[in-house]
Amino acid sequence: MELEANIEDVDTDDELNEAEEYEAWKAREIARIKRDREEREAMIKEREEIEKVRNMTEEERREWERKNPKPAPPPKQKWRFMQKYYHKGAFFQTDADDPAATAGAQNIYHRDFSAPTGDDKMDKTILPKVMQVKHFGRSGRTKWTHLVNEDTTDWNNPWTYNDPLRAKYNAKMAAVNVPIAKPKGSKKLKDWEMK
């Protein structure tokens with residue numbers, strides 16, 4: 001096979017259309033330079049705007065804020081009962097860290113991550129109280145839905161007793177029964193003042 005191999009068999013189209021490739025590269029390079037210049041100008045303009053606002057008086061600043069209000073954040077969706085939480089992820093967001101923008105701005109990055117999926121689409125409030133737990137019927141199910149409506153206070157703890165042992169412990173605790181007084185100072189300092 002090596003004997004029959006020929007260098008002409010390898011398809012290399014590197015130098016086929018040098019003029020077209022050069023023009024395409026030139027267009028990309030001009031677009032990059034233009035984009036960099038626009039980003040730099042926007043940053044300088046934003047810096048000047050911040051400096052201008054910092055140098056304003058309070059009344060001028062209030063007037064400026066009235067004319068240029070901050071955009072309101074999008075309304076947050078109300079979560080369903082016992083809905084699972086999904087983190088949107090730290091990677092591949094719309095605002096890529098690299099200026100080459102290798103992470104594209106596709107529709108998948110604009111999804112609402114607080115929307116219910118799978119089992120969460122079902123209304124769990126209509127189920128019986130026993131079935132309103134995570135992973136019902138499985139070996140790894142939890143006992144509680146959430147601890148907000150459960151009283152988990154253990155009344156058998158030693159620090160909740162009112163017995164003589166607890167009273168003795170409270171008496172020994174620092175600064176519980178002693179009134180706060182001015183510090184008396186060290187003996188060396190008193191000896192110095194007497195001399």
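Arginine 32 forms a salt bridge with aspartate 36, the closest N and O atoms lying 3.1 Å apart; a salt bridge is here a side-chain nitrogen of Lys or Arg within 4 Å of a carboxyl oxygen of Asp or Glu. The structure is a predicted model, in which local features need pLDDT of at least 70 and side-chain atom pairs count only at pLDDT 80 or more, whereas totals for chains, interfaces and linings use all residues. Residues are numbered from 1 along each chain as its sequence is written, and side-chain values use heavy atoms, with hydrogens and water left out.

Arginine 32 and aspartate 36 are separated by about one helical turn because they stand four residues apart in helix α1. Helices (H or I, at least four residues) and strands (E, at least two) are DSSP runs, numbered from the N terminus. Aspartate 36 is partly exposed, with a relative accessible area of 24%, and arginine 32 is likewise partly exposed, at 34%. In these terms, buried means under 20% relative accessible area, exposed over 50%, and partly exposed in between (1.4 Å probe, protein chains only). Accessible areas come from the Shrake-Rupley method with a 1.4 Å probe, and for residues only the protein chains shown count as cover.

Arginine 32 also forms a salt bridge with glutamate 29, for which the closest N and O atoms are 2.4 Å apart. Both residues lie in helix α1, three residues apart, or about one turn of the helix. Glutamate 29 is partly exposed, its relative accessible area being 23%.

A search of the whole structure finds four salt bridges. One of them joins the side chains of arginine 66 and glutamate 63, at 2.7 Å from N to O. These two residues are three apart in helix α2 (residues 58–67), and are therefore separated by about one helical turn. Arginine 66 counts as exposed, at 59% relative accessibility, while glutamate 63 is partly exposed, with 32%.

A negative surface patch is formed by Asp13, Glu18, Glu20 and Glu21. Patches are made of residues with over 30% relative accessible area and no salt bridge, like charges being joined within 9 Å and nonpolar side chains (Val, Leu, Ile, Met, Phe, Trp, Tyr) within 5 Å. Glutamate 21 is placed in helix α1 (residues 18–54), and with 43% relative accessibility glutamate 21 counts as partly exposed.

Notes
Lys, Arg positive; Asp, Glu negative; His and termini not counted. Charge placed at Lys NZ, Arg CZ, Asp CG, Glu CD.
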